[in-house]
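Here's a quick tour for anyone meeting this structure for the first time. Have a look at it, then read on.

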Amino acid sequence: MSRVVSSSTESAVSAVPAAAPVTMAAALNQALADSLAADERVVVFGEDVGTLGGVFRVTDGLAARFGERRVFDTPLAEAGIVGTAIGMAMNGLVPVVEMQFDAFAYPAFEQVTSHLAKLHNRTRGRLALPVVIRVPFGGGIGGVEHHSDSSEAYYTHTPGLRVVTPGTPGDAYVLLRQAIACPDPVVFLEPKRRYWSRETCVLDADGPAIDRAVVRRPGRDVTLIAYGGMVATALEAASAAVEEGWDVEVIDLRSLSPFDDETVAASVCRTGRAVVVHEAAGFGGYGAEVTARLTERCFHYLEAPILRVTGFDIPYPPPHLERFHLPNTDRILDAIARLQWEDGDRG
Amino acid sequence: MKTQYARRSEATAADSLLPTATPLQLIDADGHPGGNPGSLSLPGPEVLVELHRRMVLGRRFDSQSTALAKQGRLAVYPSSRGQDACQVGAALALRRQDWLFPTYRDSMAVLTRGVPAEETLTLLRGDWHCGYDPYQYRVAPQCTPLATNTLHAVGLAYAARLKDQDQVALALLGDGATSEGDTHEALNFAGVWKAPVVFLVQNNGYAISVPLAKQTAAPTLAAKGVGYGIPSLLIDGNDAAAVYAAVRAGVSRATAGDGPTLIEALTYRIEAHTNADDASRYRASAEVSGWLSRDPIARLEAYLRGAGLLDDASAARLAAEAERLAEDVRERMNADVGVDPAELFEHVYARPTAALERQRAELLAELAELEEPAP
């Protein structure tokens with residue numbers, strides 16, 4: 001992340017804050033704090049987000065700093081959390097709510113799909129619902145069942161929702177600030193396995209627009225397309241691929257819906273090869289949409305079929321088995337190896 | 001341990017939250033005052049005259065809409081005939097700044113709140129999902145998924161409290177909706193938050209075809225309030241004066257900072273669920289005729305005539321006003337529907353995405369091709 005300043009540091013006399021190591025959880029916490037400070041309409045609520053600071057501590061200290069009218073615990077009821085957030089947004093507030101885990105967001109599904117996503121449309125644009133639903137998602141933390149779902153495709157299949165997910169701590173700050181400022185409802189998927197990953201950066205609200213993908217690592221031979229928790233895995237695979245002689249470009253989608261056709265198609269048309277990576281089951285998964293869109297746009301540039309590296313088509317496995325399920329660098333390298341290379345293709 | 005389990009700062013006796021055993025009533029089925037007023041007091045004469053007027057207009061609007069649905073001019077119409085007292089009493093009890101959260105069966109309440117008939121019927125004609133500006137009338141879009149609107153009402157009401165605005169939300173729901181999880185969550189959130197919200201359950205005895213006995217084992221629906229720490233009223237839902245007074249009482253409690261109220265109004269849906277339903281498959285005609293003799297309009301009319309507040313001349317003027325409304329509704333609903341396919345892409349996001357812009361262009365190109373004369 002380039003310079004600039006979060007609002008909490010705006011009053012500081014020193015112009016440019018020094019870059020420091022920051023975890024994704026801390027970056028999200030700072031984004032919430034800065035949004036609460038910058039806009040009095042913002043309220044943060046959900047299960048355990050107040051006194052406890054959230055089970056992942058993403059809301060740590062916010063209730064103490066901003067008070068119970070801005071940051072508060074709710075009864076344990078996800079439909080209730082999203083349903084009341086809709087009513088609050090109708091009355092001029094900007095609710096940022098937390099679903100404690102991916103699979104525990106399902107009770108709110110009707111409120112999300114039938115109301116949050118549709119009310120702007122149903123009222124011919126007269127109602128705006130600037131609600132952000134934060135959802136820790138994905139596996140890799142040894143969670144028991146119902147704590148590791150990749151639920152993105154349920155949301156991306158719903159017109160009217162924006163679905164975004166950060167891949168790095170710095171971008172977690174940028175994306176969350178953008179999501180809270182966005183007039184559309186946003187499902188904000190937080191890759192929980194990366195909550196404790198660190199990046200040395202300055203938290204800065206300036207960044208690529210909320211609906212843009214970014215190239216995290218430029219390369220010439222093949223495009224790896226990843227998001228959320230898989231961005232770091234894709235970057236590791238790209239580093240490992242150097243030894244094999246492949247120059248891998250890594251795209252961090254950031255916005256799953258809407259999809260940044262322009263950035264992604266430009267990369268794939270240039271490299272001629274692509275692999276889409278996600279933790280979720282492949283069948284009917286988000287990667288299928290990415291693959292279809294790229295095939296429509298890049299067919300004549302492709303040297304090989306677009307491949308997907310995904311979780312198996314199984315319910316999320318128990319902790320001692322999840323390592324067999326999750327995409328890893330080896331599987332990504334294997335997929336790259338299958339992209340019909342001929343002598344002279346590389347580098 | 002004591003503090004851990006101390007649930008509320010002020011202990012509330014469960015008994016004080018329970019409804020009365022028999023429904024509260026201000027004007028009985030024959031139009032006589034009294035009945036079983038309980039804590040409710042009779043509204044003033046101007047209010048009673050207006051309740052009657054709006055019910056007559058609402059009933060005519062409703063019967064006209066049913067006719068238009070049968071003629072195919074509306075896609076569907078869920079009638080609220082028989083529930084006129086609930087529809088009108090509730091809507092009139094709200095103040096200007098308050099919000100109404102109606103369901104698909106509450107078109108009469110929406111009309112009474114001031115939404116023009118044509119905008120009320122946009123949804124049911126099928127031109128768009130909601131025809132009115134919710135902020136102009138402080139009426140949420142009519143809600144089709146059951147009970148989901150109750151949570152929106154609680155959220156809006158709690159936001160008013162957070163912002164120190166004097167504003168109350170009224171959630172309308174039916175007996176069937178009380179079985180939905182969202183009703184439970186809404187009552188619970190409202191109780192915990194002391195949200196300024198009033199829940200009016202129009203218990204018409206059926207959820208489409210399923211009778212109340214298959215819906216709940218609770219002694220009454222109002223009795224459920226005690227489980228949420230919410231005071232409840234059981235009222236005669238065909239007594240417009242009682243509905244008005246009960247909702248007003250709820251609004252006053254909410255405004256005073258005392259939180260939500262749950263009202264169960266006993267009433268009956270005279271028509272089938274919609275024009276597409278056949279009610280004879282699940283209820284006897286004798287049951288319907290029994291309720292016809294408890295008509296909410298006839299009751300208030302008898303009272304007003306007895307009190308010298310209505311005579312033949314004013315009744316005739318009102319009937320003529322209702323016919324003019326029906327004529328206006330007919331004219332507007334029989335006019336050709338002007339819909340714009342390009343609008344399909346307009347309100348999905350605050351600004352159409354690039355993908356939606358492309359899809360709009362594709363549709364418009366397809367339509368332009370159709371319009372070109374054959375070679």
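The domain bounds used here come from an automatic or database domain assignment. With those bounds, the centres of domain 1 of chain A and domain 2 of chain A, taken over C-alpha atoms, are 26 Å apart. What you're looking at is a predicted model, in which local features need pLDDT of at least 70 and side-chain atom pairs count only at pLDDT 80 or more, while totals for chains, interfaces and linings use all residues. Residues are numbered from 1 along each chain as its sequence is written, and chains are lettered from A and ligands numbered from 1 in the order in which they are written.

**How confident is the predictor?**
- The complex gets an ipTM of 0.95 and a pTM of 0.95 from the predictor.
- For chain B, the average pLDDT (the predictor's confidence in each residue, from 0 to 100) is 95, and 96% of the residues score at least 70.

**Chain A as a whole**
- Chain A has 12 helices and 14 strands, where helices (H or I, at least four residues) and strands (E, at least two) are DSSP runs, numbered from the N terminus.
- The radius of gyration of chain A, taken over C-alpha atoms, is 20 Å, close to the 20 Å that the globule rule (2.2 Å times the number of residues to the power 0.38) gives for 347 residues, so chain A is as compact as a globular protein of that length.
- Its C-alpha trace spans about 65 × 50 × 45 Å along the principal axes.
- Of its 347 residues, 56% count as buried; that takes 20 or more other C-beta atoms within 10 Å of a residue's own, whereas 12 or fewer make it exposed and anything in between partly exposed, with C-beta atoms placed from the backbone.

**The two domains of chain A**
- Domain 1 of chain A covers 7-201 and domain 2 covers 214-337.
- Their contact takes 29 residues from domain 1 and 22 residues from domain 2; two residues are in contact if their C-beta atoms, placed from the backbone, lie within 7 Å.
- On the domain 1 side, the elements giving two or more residues are α6 (152-156), β6 (162-164), α7 (169-181) and β7 (186-191) of chain A.
- That side divides into 10 nonpolar, 12 polar and seven charged residues. Here Ala, Val, Leu, Ile, Met, Phe, Trp, Tyr, Cys and Pro count as nonpolar, Asp, Glu, Lys and Arg as charged, and the others, Gly among them, as polar.

**A closer look at Arg177(A)**
- Arg177(A) sits in helix α7 of chain A, and it counts as buried because it has 24 C-beta neighbours inside 10 Å.
- Arg177(A) touches Ala31(A), Asp34(A), Ser35(A) and Ala205(A), leaving aside residues up to four places away in sequence.

**Where the chains meet**
- Chain B puts 34 residues into the contact and chain A puts in 35 residues.
- On the chain B side, α9(B) gives the most, with 11 residues.
- By class, this side of chain B has 22 nonpolar, eight polar and four charged residues.

**The nonpolar core**
- A nonpolar core is a set of buried Ala, Val, Leu, Ile, Met, Phe, Trp, Tyr and Cys residues joined through C-beta atoms within 7 Å.
- The largest one has 202 residues, and Leu224(A), Leu170(B), Val197(B) and Ile263(B) touch the most other members.
- Helix α11 (residues 240-255) of chain B gives the most to this core, with 10 residues.
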